[in-house]
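Subject: The structure you asked for

Hi,

Here is the structure we talked about, with the sequence alongside. Have a look through it first, and then read on for what turned up.

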Amino acid sequence: MTGLAFPDISPIMFSIGPVAVRWYSMAYLIGILAGWWLIRRNAEKYQTGLTPQHIEDLIFYLTLGVVLGGRLGYAVFYGGREMWAEPWHILELWKGGMSFHGGVLGVILAVWLFARKYRFRFLLLTDLVVLYLPIGLFLGRLANFVNDELWGRVTDVPWAVRFPAGGYLPRHPSQLYEALLEGVVMFAVLNFLWRYRSIREKSGTVSALFVILYGLFRIVVEQFREPDAHMGFFFGGITMGQMLSVPLIAIGVLVLCKIWRVKPLM
């Protein structure tokens with residue numbers, strides 16, 4: 001049989017009595033803690049005016065934004081009629097189901113509320129935040145792989161994986177593609193650019209590049225990822241993930257043009 005065997009990894013990291021700690025929830029926790037430490041270090045290094053207490057409050061806002069936005073986004077974009085017929089399922093976070101696009105909206109709202117309350121520049125804060133969002137994306141995609149979910153389309157490439165939930169057919173490990181592009185590559189690019197003072201002084205540049213890169217990477221990876229069974233493809237073989245990524249790219253380009261005072265080619 002072609003394809004690599006799916007590794008024998010339990011989605012449960014460890015259990016303490018009746019409480020099971022899953023790799024997926026641990027990915028969120030580690031991503032939040034890493035972001036907390038790195039944002040604090042950056043805030044001190046570049047003298048942003050953010051105190052340790054400010055950063056603790058910001059992390060609290062961000063955590064709520066990611067969880068609530070991601071869950072509500074999943075319900076709106078991917079949940080289907082079944083979830084809305086019994087809307088209390090939205091609160092069942094332990095069953096999984098998070099939308100990145102919803103999470104982004106939640107983060108934007110959270111940062112805006114924080115910036116308004118403490119009188120900080122909104123785009124400065126979003127720049128600090130998006131520098132380290134790729135860590136969470138990287139860990140989250142690895143957790144998707146361990147959970148045997150969001151696998152790719154059937155293929156004959158040598159590195160195809162036979163996912164149990166995918167019928168043991170050789171499929172693209174699209175979760176790993178996303179971990180590489182949305183996690184490793186995006187983290188490297190954004191943090192490399194942040195080293196330049198000209199980029200840092202143009203608040204919002206890194207934020208705009210983040211949404212542009214994510215949108216582009218997501219559109220590419222969706223070509224290899226199996227669409228949700230209850231949604232399938234839309235017109236022309238387009239997926240929901242691709243449709244949601246187009247506005248991200250457009251908004252990012254417009255913001256970038258405004259910051260650098262470049263007239264869009266329209």
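Let's begin with a word you'll meet a lot: a residue is called buried when its relative accessible area is under 20%, exposed when it is over 50%, and partly exposed in between, using a 1.4 Å probe and protein chains only. Helices (H or I, at least four residues) and strands (E, at least two) are DSSP runs, numbered from the N terminus. With that in hand, take helix α5: seven of its nine residues are buried, so α5 is largely enclosed by the rest of the structure. Those seven are Leu 124, Leu 125, Thr 126, Asp 127, Leu 128, Val 129 and Val 130.

Two bits of housekeeping. This is a predicted model, so local features need pLDDT of at least 70 and side-chain atom pairs count only at pLDDT 80 or more, while totals for chains, interfaces and linings use all residues. Residues are numbered from 1 along each chain as its sequence is written, and side-chain values use heavy atoms, leaving out hydrogens and water.

The overall picture

The protein has ten helices and five strands. Of its 266 residues, 45% are buried. Contact here means heavy atoms within 4.5 Å. Taking contacts between residues at least 6 apart in sequence, 67% join residues at least 24 apart.

Helix α7 covers residues 174-194, which is 21 residues. From first C-alpha to last, α7 reaches 29 Å, close to the 30 Å expected at 1.5 Å a residue (the expected span is 1.5 Å times one less than the number of residues). Where does α7 kink? The kink is centred on Met 186 and comes to about 35°; the bend at a residue is the angle between axes fitted to the seven residues ending there and the seven starting there. Met 186 is also one of the buried residues of α7, a list that includes Tyr 177, Leu 190 and Trp 194. The buried residues of α7 pack against α1 (23-45), α5 (122-130), α6 (133-146), α8 (197-201) and α9 (205-221).

Helix α10 (residues 240-259) has 20 residues and reaches 30 Å, close to an expected 28 Å. Among its buried residues are Leu 244, Ser 245, Leu 248 and Ile 249. Ser 245 has 0% relative accessibility, so it counts as buried. Leaving aside residues up to four places away in sequence, Ser 245 touches His 101, Gly 215, Arg 218 and Ile 219.

Leu 248 turns up again in the second largest pocket: together with Val 104, Ile 108, Val 211 and Ile 251, it lies nearest the centre, out of 23 lining residues. The elements giving two or more residues to that lining are α4 (100-118), α5, α9 and α10. A pocket is found on a 1 Å grid over the protein atoms alone, as an open set of points where a 1.4 Å probe fits, with protein on both sides within 12 Å along at least five of seven lines; lining residues have an atom within 4 Å of a point.

The strands

Two strands pair if DSSP finds at least two bridges between them. Three strands form an open sheet in the order β1-β4-β5, with mixed pairing. β1 (4-5) and β5 (170-171) stand at the edges with a single partner strand each, so one side of each has no neighbour in the sheet. β1 and β4 (residues 161-162) run parallel and are joined by two bridges, with Ala 5 opposite Arg 162.

β2 (residues 12-16) and β3 (residues 19-22) pair in the antiparallel sense over four bridges, and Phe 14 has Val 21 as its bridge partner. Two residues sit between the strands of this hairpin, where Gly 17 takes a positive phi near 65°.

Most residues other than glycine have a negative phi. Which way do Arg 119 and Asp 148 go? Arg 119 has a positive phi of about 60°, and Asp 148 has a positive one near 60°. Arg 119 lies in the loop between α4 and α5 and counts as exposed at 76% relative accessibility. Asp 148, in the loop between α6 and β4, is buried at 14%. Arg 261, which follows α10, also has a positive phi, near 55°.

Happy exploring!
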